[in-house]
Amino acid sequence: MGKDVIVACDFSSGPAVYSFLDKFQGERKPFVKIGMELYYAEGPDIVRQIKARGHKIFLDLKLHDIPNTVKKAMAVLSGLDVDICNLHAAGTVAMMEAALEGLTRPDGTRPLLIAVTQLTSTDQQSMERDLLIREPLDRVVMHYAANAKRAGLDGVVCSPLEAEKVHALCGRDFLTVTPGVRFAGGDIGDQRRVTTPAQAKHIGSDYIVVGRPITAAEDPVAAYERCVAEFVD
Ligand code: C5P
């Protein structure tokens, strides 16, 4: 898969996401991210419905449990035929290996599997105070990325600002999927370490995940096309 813009469809119901996706009548169907909010509200059928409309899907459920449970859950998700799914690297290398095993179908095919390193909502202070991890945050992110690579995963979710370092450590083919994207001069909201789509492209992100700059725009299709023009074209 080449570079693409993934639209974070953070809506709380099926009708809300369908009326949003109905606006996109052009040739290019947006790659859609389904997160916990929508999935827990609507269940697995929301994935089938959006897939049936012709969209690629990143199912962002961030699994984190004992290896056996994650393996079995991944086997279920694998039947939904999504393109990318994910888990927390903090679940350990053994959990990530089990996840990959569960995700792989009898014919050897599977969705791409990527790991969340440290959430962008976690900062150095909360990591030290709450998690008792005293290493520098960027070192933790790189260590978790290396663990994901060692477990055989396809990439990580990280800040666009970390994408270059992750590629240097784990190889150019190891995917970097990066939220925290804002247009120049746009409202950054609760995101902290942001780049524009053009900067993310320059740094080497493989996929940008963009939510509110598109979903809350006056003209979401124009905002999506602007992202594509800056990041992909
Ligand atoms: O609206 P916005 O562009 O900030 O949306 C970013 C999306 O990426 C949200 O769905 C958020 O949950 C997700 N995300 C993130 N930071 C991470 C992992 C996921 O912002 N580290």
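**Exercises on the pockets and the ligand**

The second largest pocket holds about 210 Å³ of space. The structure is a predicted model, in which local features need pLDDT of at least 70 and side-chain atom pairs count only at pLDDT 80 or more, while totals for chains, interfaces and linings use all residues. Residues are numbered from 1 along each chain as its sequence is written, and side-chain values use heavy atoms, with hydrogens and water left out.

**Exercise 1.** State which residues lie nearest the centre of the second largest pocket.

*Solution.* First, recall the term: on a 1 Å grid over the protein atoms alone, a pocket is an open set of points where a 1.4 Å probe fits, with protein on both sides within 12 Å along at least five of seven lines, and lining residues have an atom within 4 Å of a point. Next, read the lining: 16 residues line this pocket, and Leu119, Thr120, Thr122, Leu137 and Arg193 lie nearest its centre.

**Exercise 2.** Describe the largest pocket and its lining.

*Solution.* Begin with the volume, the space filled by probe spheres set on the grid points: the largest pocket contains about 700 Å³. Then turn to its 28 lining residues, of which Lys33, Asp60, Lys62, Pro179 and Gln191 lie nearest the centre. Finally, consider the strands, which are DSSP runs (E, at least two residues) numbered from the N terminus. Strand 3 contributes the most to this lining, with 3 residues.

**Exercise 3.** Locate the ligand and identify its surroundings.

*Solution.* First, the ligand takes up the space of the largest pocket (more than half of its atoms lie within 2 Å of the grid points). Second, 14 residues surround the ligand (a heavy atom within 4 Å), and the closest are Asp10, Arg182, Gln191, Gly211 and Arg212.

Technical notes
Helices (H or I, at least four residues) and strands (E, at least two) are DSSP runs, numbered from the N terminus.
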